[in-house]
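Work through the following exercises with the sequence and the 3D structure at hand. Each task is followed by a solution in steps.

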Amino acid sequence: MTMAEIQLRNLSKTFDNGFRALDNLCLTVRDGEFLTVVGPSGCGKTTLLRTLAGLESPTSGEILVGDKVINHLEPKDRKMGMVFQNYALFPHLSAYDNMAFGLKARKKTKAEIQRFIQPVAQRLEIQHLLERKPNQLSGGQRQRVALGRLLAKNPSIHLLDEPLSNLDAHLRAAMRRELKILHKEYGKTTLFVTHDQTEAMTLGHRICVMKEGHIEQTGTPHEIYHEPANLFVAGFFGSPPINLVAGKVGKSSNNQSYFEGLGTALAIPDEVPPPPVGNLTLGIHAEDIEVATNTEVETGQVFELCIETIDDLGEAKIIHTKCGEAKISVRAEYHTPLKDNIIQGRFNWTKVLWFNPQTGERIP
Ligand code: ADP
Ligand code: MG
């Protein structure tokens with residue numbers, strides 16, 4: 001058991017009005033890990049961070065840091081520092097005094113405070129901004145001051161609540177990179193909350209996916225992308241979103257499994273484990289559908305897709321198509337010949353995922 005490992009044991013939070021914002025969360029954040037918590041707005045991300053920081057008290061369950069239960073500890077005794085989505089800088093204080101605030105509260109001397117702030121300000125390249133008030137700073141600069149306040153305070157655990165969502169796309173990408181470098185340098189256990197799937201994927205060692213107060217899945221970006229626990233997780237990640245086809249798996253008289261759902265019966269090759277017979281939802285990412293050229297067409301392997309629109313990405317094309325009721329997106333090589341409005345699609349069967357259409361659970 002290491003010093004700054006966090007464990008949530010059946011953590012629940014019901015607000016006074018009866019709303020259950022966190023429902024029985026179990027999660028371990030390893031010492032020094034960067035874990036992203038992602039989910040749609042209102043799923044309980046901020047409540048989770050506030051509960052960890054001690055700004056809300058849980059209704060039931062335990063929070064452990066290292067091997068100690070910390071439920072009863074005051075926020076200031078939790079060794080946690082938080083950056084809030086709106087930065088929460090004091091408007092009447094200079095950037096320097098904002099950064100010094102937590103240190104003053106801990107009774108540090110002027111000289112000590114200076115020693116904490118100076119290297120952090122230098123690291124974040126905000127030395128020239130220290131005398132300014134928040135309203136004299138740009139969004140990106142406020143963000144750096146809020147980060148500087150966290151680093152100067154030097155807590156063992158970093159809680160970051162959508163710190164990048166107020167920045168423009170270009171700055172956000174740059175800050176993602178910088179946060180990763182900072183994490184390497186400082187090595188703090190970090191919970192980073194976001195509603196943005198790309199941010200969650202690029203930043204997290206692991207990702208915890210939340211929905212309506214529940215944890216749907218925790219895993220590495222690779223696991224989340226290739227082995228999503230259910231349709232919600234599958235649908236949350238990837239651009240374009242994963243293709244989902246409602247259909248039916250059957251077996252022919254010669255014991256060949258086939259999938260019906262794209263207007264034709266597709267033979268499921270023997271190399272892949274056969275899915276159970278019955279109604280199933282097939283999931284496949286856009287990059288795992290090939291455009292078949294006429295010379296290689298085999299019956300029972302291809303289906304016709306009707307092109308609706310094409311996104312030109314410069315290095316590839318995303319072809320958005322329809323096949324009956326199903327909307328299918330295909331990521332194609334840039335120079336794939338598209339002679340008319342119909343293309344022949346073919347699945348990379350080893351990448352096909354199967355879901356129970358009733359429960360949404362993935363069938364392994
Ligand atoms: P997120 O950060 O994921 O957008 P929040 O944690 O802020 O979500 O909120 C989760 C849910 O809890 C929301 O439905 C929100 O309206 C509700 N909520 C948040 N704070 C309170 C409160 N003090 N009293 C009642 N409901 C709240
Ligand atoms: Mg929030």
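Rings of Phe, Tyr and Trp (its six-membered ring) pair if their centres lie within 6.5 Å; planes under 30 degrees apart count as stacked, over 60 as edge-to-face and the rest as tilted. This is a predicted model, in which local features need pLDDT of at least 70, side-chain atom pairs count only at pLDDT 80 or more, and totals for chains, interfaces and linings use all residues. Residues are numbered from 1 along each chain as its sequence is written, chains are lettered from A and ligands numbered from 1 in the order in which they are written, and side-chain values use heavy atoms, with hydrogens and water left out.

**Exercise 1. Classify the ring pairs F34–F192 and F347–W349.**

Step 1. A search of the whole structure finds 7 aromatic pairs.

Step 2. For F34 and F192 the ring centres are 5.8 Å apart and the planes stand at 40°, so this pair is tilted.

Step 3. F34 belongs to strand β3 (residues 34-38) and F192 to strand β8 (residues 189-194), so the pair ties together parts that are 158 residues apart in sequence. Strands (E, at least two residues) and helices (H or I, at least four) are DSSP runs, numbered from the N terminus.

Step 4. F34 is buried, with a relative accessible area of 3%, and F192 is buried at 0%. Buried means under 20% relative accessible area, exposed over 50%, and partly exposed in between (1.4 Å probe, protein chains only).

Step 5. The ring centres of F347 and W349 are 5.3 Å apart and their planes are at 90°, so the pair is edge-to-face. Both F347 and W349 are buried.

**Exercise 2. Describe the open sheet of 6 strands.**

Step 1. The strand order is β13-β12-β11-β14-β20-β21, with antiparallel pairing. Two strands pair if DSSP finds at least two bridges between them.

Step 2. β13 (265-267) and β21 (362-363) are at the edges with a single partner strand each, so one side of each has no neighbour in the sheet.

Step 3. Between β11 (residues 243-251) and β12 (residues 257-260) there are 4 bridges, in the antiparallel sense. G250 is opposite Y258 in β12.

**Exercise 3. How do helix α3 and helix α4 pack?**

Step 1. Helix α3 (residues 110-123) packs on helix α4 (residues 139-153) at an angle of about 135°, and their axes are 9 Å apart. Axes are lines fitted to C-alpha atoms, for helices over the stretch in contact, and angles run from 0 to 180 degrees between N-to-C directions.

Step 2. α3 is therefore oblique to α4. Angles under 35 degrees count as roughly parallel, over 145 as roughly antiparallel, 65 to 115 as roughly perpendicular and the rest as oblique.
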